[in-house]
Amino acid sequence: MEYVLTTEALCKQYKKSKALDELCMHIPKGAIYGFVGKNGAGKTTLIRMICGLSKPTAGSYTLYETDSEAKEIVTVRKNIGAVVETPALSLDMTAEENMRQQYRILGLSSFDGIKELLALVGLENTGKKKVKAFSLGMKQRLGIAMALAGEPDFLVLDEPTNGLDPQGIIELRELILKLNHEKGITFLISSHILDELSRIATHYGIINHGKMIKEFSAQELEKECGKYINIRAEISDADALTRALDDLGIRYEIISEKEKSLENYFISLVGGEDNA
Ligand code: ADP
């Protein structure tokens, strides 16, 4: 299999804490890779590192099979687009002006691609509207358009659904799927909104305390979760459930909650003591 990113026993040691602890990660080309972990698990540390914003203290990683220590890594990194935390937008400018600014920063010689990119993210009709008047979802999509300016084939989104309303979440989901299907862009998406992630991810990595607990594909998740059956019974007392099941005197239904299954699996792997 061809990988966009692999990490080998990757470590990041801060004075007091080990943010990444021999992390091994594998993102296949074309994947939508859901990177799942509780707050403080190490997700942002990994993302900053592969974007070149910090260096490993031990171990290594490869991007498109180029080692992180190789000189060429700087050129290879141009294949990555990233929206980390809130996108850096100029609020007093329009969408198009922000895009032009981004093109200048990247040293691109022509502005030709801008209209197409804005149309791709559904912002072609925002005209003179300044970004400060945009919804959070529109800002997020403009951030993605800006990250796409250098025509990357690997997009890294750090908690992209944070703060979005349901409509914004749907639009973002459709945009990610479109970019993945039509442009073949590989995604690394960190998120703790598991129900949403499980609608689009093809692969997952579960990180806890800087360690990779498990990597699996969506098909493997489906098999794993197929072992569980959720039962919703019309009673309030849990003990009564077993009695009821014994004599089958109570009406009940067996349901399979697909959206919830990633969450259940995550909790079974890392426990549920903190906020996921
Ligand atoms: P996540 O993105 O999964 O919430 P982070 O990667 O932000 O987690 O943090 C992982 C761990 O590293 C946390 O314990 C955090 O406190 C610590 N950490 C992150 N950045 C720094 C830093 N610059 N200095 C010291 N500790 C840090």
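Biologist: Which residue is the bridge partner of Cys11 in S4?

Modeller: The partner of Cys11 in S4 is Ala58. Before we go on, note that this is a predicted model, in which local features need pLDDT of at least 70, side-chain atom pairs count only at pLDDT 80 or more, and totals for chains, interfaces and linings use all residues. Residues are numbered from 1 along each chain as its sequence is written, and side-chain values use heavy atoms, with hydrogens and water left out.

Biologist: What do the labels S and H stand for, and how many bridges join S1 to S4?

Modeller: Strands (E, at least two residues) and helices (H or I, at least four residues) are DSSP runs, numbered from the N terminus. In general, strands of a sheet pair through backbone hydrogen bonds, either parallel or antiparallel. Here strand S1 (residues 3-13) and strand S4 (residues 58-63) run antiparallel and are joined by five bridges, where two strands count as paired if DSSP finds at least two bridges between them.

Biologist: In what order do the strands of the open sheet come?

Modeller: The open sheet has four strands in the order S2-S1-S4-S5, with antiparallel pairing. Strand S2 (18-28) and strand S5 (66-67) are at the edges with a single partner strand each, so one side of each has no neighbour in the sheet. Helix H1 (residues 43-50) lies across S1, S2 and S4, and runs at about 115 degrees to S1.

Biologist: How is the packing of two helices described?

Modeller: Two packed helices are described by the angle between their axes and the distance between the axes. The axes are lines fitted to C-alpha atoms, for helices over the stretch in contact, and the angles run from 0 to 180 degrees between N-to-C directions. Helix H3 (residues 95-106) and helix H5 (residues 136-147) pack with their axes 10 Å apart, at an angle of about 30 degrees. That makes H3 roughly parallel to H5, since angles under 35 degrees count as roughly parallel, over 145 as roughly antiparallel, 65 to 115 as roughly perpendicular and the rest as oblique.

Biologist: Which residues of H3 and H5 meet?

Modeller: Ala95, Asn98, Met99 and Gln102 in H3 are in contact (heavy atoms within 4.5 Å) with Leu142, Ala145 and Met146 in H5. By class, this contact of H3 with H5 has five nonpolar, two polar and no charged residues; Ala, Val, Leu, Ile, Met, Phe, Trp, Tyr, Cys and Pro count as nonpolar, Asp, Glu, Lys and Arg as charged, and the others, Gly among them, as polar.

Biologist: At what angle do H5 and H6 cross?

Modeller: The axes of H5 and H6 cross at roughly 20 degrees and come within 10 Å, which makes H5 roughly parallel to H6. Gln140, Arg141 and Ile144 in H5 meet Glu171, Leu172, Leu175 and Leu179 in H6, a contact with four nonpolar, one polar and two charged residues.

Biologist: Is Ile144 buried or exposed?

Modeller: Buried means under 20% relative accessible area, exposed over 50%, and partly exposed in between (1.4 Å probe, protein chains only). At 1% relative accessibility, Ile144 counts as buried. Beyond its neighbours within four places in sequence, Ile144 has contacts that include Val83, Leu155 and Leu157.

Biologist: Where is Ile169 placed?

Modeller: Ile169 is in helix H6 (residues 166-183) and, at 17% relative accessibility, counts as buried. Leaving aside neighbours within four places in sequence, Ile169 is in contact with Thr161, Leu164 and Glu196. Glu196 lies in helix H7 (residues 194-200) and is also buried, with a relative accessible area of 9%.
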